[in-house]
Amino acid sequence: MAQIYDRVALIGLGLIASSIFWGIKRADLAREVRGFARSEETRATARDIGLCDVVCDDINDAVKGADLVVLCVPVGVMGTVMKDIRDSLKPGATITDVGSVKRDVIDQIAPLLPEGVNFVAGHPLAGTEHSGPRSGFAELFDNRWCLLMPSEGTDPSVTAQLRAFWEGLGSNVEEMDADHHDLVLAVTSHAPHLIAYTMVGVADDLRRVTDSEVIKYSAAGFRDFTRIAASDPTMWRDVFLSNKEATLEILGRFTEELFALQRAIRQGDGEHLHDYFTRTRAIRRSIIDAGQDTDAPNFGRVPGRKP
Ligand code: NAP
């Protein structure tokens, strides 16, 4: 594939940035990639594993001359980082981000945008529960969606170039309104994470009573919750604080449904439970048919083999 940008800057060098870097190298999407991370430790690790062509100690050195700057930091600090780099941006450069919440990030970044710099917000719907510079891999975005939100008045060719970049990383790309994005993601990602955190928290409380049997006899349902609940605490704190309205809306609906199921169990209403579970099973089927998960039993894990 032909190079899409001459120079790319990755700000923040965790799971998403490192996956972008390895994906850029896999498809030769840029001539040079510069990276910056806040801590000396992360920069040292990045140098150690060859993450980025140049790792900069100064954030401004990373963005100077870059045609594309990708902000890969937690949602809550996007504005702070933008303040740090705004005076070093090249005229005509494109800024994008990978934050899991969009309205709040756009509100942080848009007012700080220098004249002549483009901003197209983005969110790759791909991730794992691992974080840090060592956790990335080139295949992370393969066949996953990446949603883009160009700011008003953005030249369509700027968005088209970013689209080609994400397609080069393996993603399917679609444009979406930021508020709609936040509501959809509250249903598909944010509320499920909060529910997983809660379930694991409840089990942990119970573990104190059952003398660690919860861990010892951990069954698939609970294990799957623990995987989600192992996700990065900073990232998820910021997601809930910045997607407050949509998450609370979905949690309100969730609570109503939970009460209805609770009542069905109390009243022995098997028909209600069976109908409900039949409907939810169909949703699983449609996710598999859309190629967004595996049909293999237990997510393809082989018993006895470490994942
Ligand atoms: P990560 O692995 O934890 O990496 C975060 C990076 O941000 C680290 O390099 C960290 O630097 C840096 N950072 C943290 N706080 C900072 C601050 N105050 N100022 C400057 N840099 C800071 O996180 P990630 O999973 O790649 O997530 C990055 C972004 O992608 C987040 O906005 C998240 O919402 C979004 N996202 C995540 C996923 C997912 O599943 N993980 C999926 C899609 C989108 P140090 O290492 O030096 O601390």
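Author: A definition to start with: two strands count as paired when DSSP finds at least two bridges between them. Keep in mind that the model is predicted.

Reader: Thanks! Which residue in β3 is the bridge partner of R34?

Author: Strand β2 covers residues 30–36, and two bridges join it to β3. These two strands run parallel. In β3, the residue that partners R34 is V54.

Reader: What is the order of the strands in the open sheet?

Author: The open sheet has eight strands, and their pairing is mixed. At its edges are β3 (54–55) and β8 (172–175), each pairing on one side only.

Reader: How many of the residues of strand β6 are buried?

Author: Buried means a relative accessible area under 20%. Strand β6 spans residues 118–124 and is largely enclosed by the rest of the structure, because the number of its residues that are buried is seven of the seven.

Reader: Which residues of β6 point the other way from N118, V120, G122 and P124?

Author: In a regular strand, side chains alternate between the two faces of the sheet. In β6, N118, V120, G122 and P124 point one way. Both sets are buried, and the residues pointing the other way are F119, A121 and H123.

Reader: Which residue of β6 is the bridge partner of I95?

Author: Strand β5, residues 94–97, runs parallel to β6, and two bridges join them. Between them in the β-α-β unit comes helix α5, residues 103–109, and the unit is right-handed. The partner of I95 in β6 is F119.

Reader: And on the β7 side, which residue stands opposite G122?

Author: Here β6 is joined to β7, residues 145–150, by five bridges, and the two strands run antiparallel. G122 belongs to the group in β6 that also holds N118, V120 and P124. Its opposite residue in β7 is L148.

Reader: Let's move to helices. At what angle do α1 and α6 pack?

Author: Helix α1 is residues 15–27 and helix α6 is residues 156–168, with axes 9 Å apart. Angles of 65 to 115 degrees count as roughly perpendicular, and α1 and α6 therefore fall in that class. Their angle is about 90 degrees.

Reader: Which residues of α6 meet I20, I24, R26 and A27 of α1?

Author: By class, this contact has five nonpolar, one polar and one charged residues. From α1 come I20, I24, R26 and A27. They meet, in α6, F165, W166 and G168.

Reader: Now the loops. Is C52 buried or exposed?

Author: C52 sits in the loop between α2 (40–49) and β3. Its phi is near 90 degrees, a positive value in a residue other than glycine. Most residues other than glycine have a negative phi. With a relative accessible area of 7%, C52 is buried.

Reader: What is the phi of D28?

Author: D28 lies in the loop between α1 and β2. With a relative accessible area of 39%, D28 is partly exposed. Its phi is positive although the residue is not glycine, with a value near 55 degrees.

Reader: How far apart in space are D67 and A126, C-alpha to C-alpha?

Author: D67 is in the loop between α3 (59–63) and β4 (68–71), and at 18% relative accessibility it counts as buried. Leaving aside neighbours within four places in sequence, D67 is in contact with residues including Y5, R7 and K90. A126 is 59 residues away in sequence, and the distance in space is 24 Å.

Reader: One more: what separates the C-alpha atoms of L241 and V101?

Author: L241 is in helix α10, residues 233–242. At 63% relative accessibility, L241 counts as exposed. Along the chain L241 and V101 are 140 residues apart, while their C-alpha atoms are separated by 9.8 Å.

Technical notes:
Residues are numbered from 1 along each chain as its sequence is written. This is a predicted model: local features need pLDDT of at least 70, side-chain atom pairs count only at pLDDT 80 or more; totals for chains, interfaces and linings use all residues. Side-chain values use heavy atoms; hydrogens and water are left out. Buried means under 20% relative accessible area, exposed over 50%, partly exposed in between (1.4 Å probe, protein chains only). Helices (H or I, at least four residues) and strands (E, at least two) are DSSP runs, numbered from the N terminus. A crossover is right-handed if, with the strands pointing away from the viewer, the path from the first strand over the helix to the second runs clockwise. Axes are lines fitted to C-alpha atoms, for helices over the stretch in contact, and angles run from 0 to 180 degrees between N-to-C directions. Angles under 35 degrees count as roughly parallel, over 145 as roughly antiparallel, 65 to 115 as roughly perpendicular and the rest as oblique. Contact means heavy atoms within 4.5 Å. Ala, Val, Leu, Ile, Met, Phe, Trp, Tyr, Cys and Pro count as nonpolar, Asp, Glu, Lys and Arg as charged, and the others, Gly among them, as polar.
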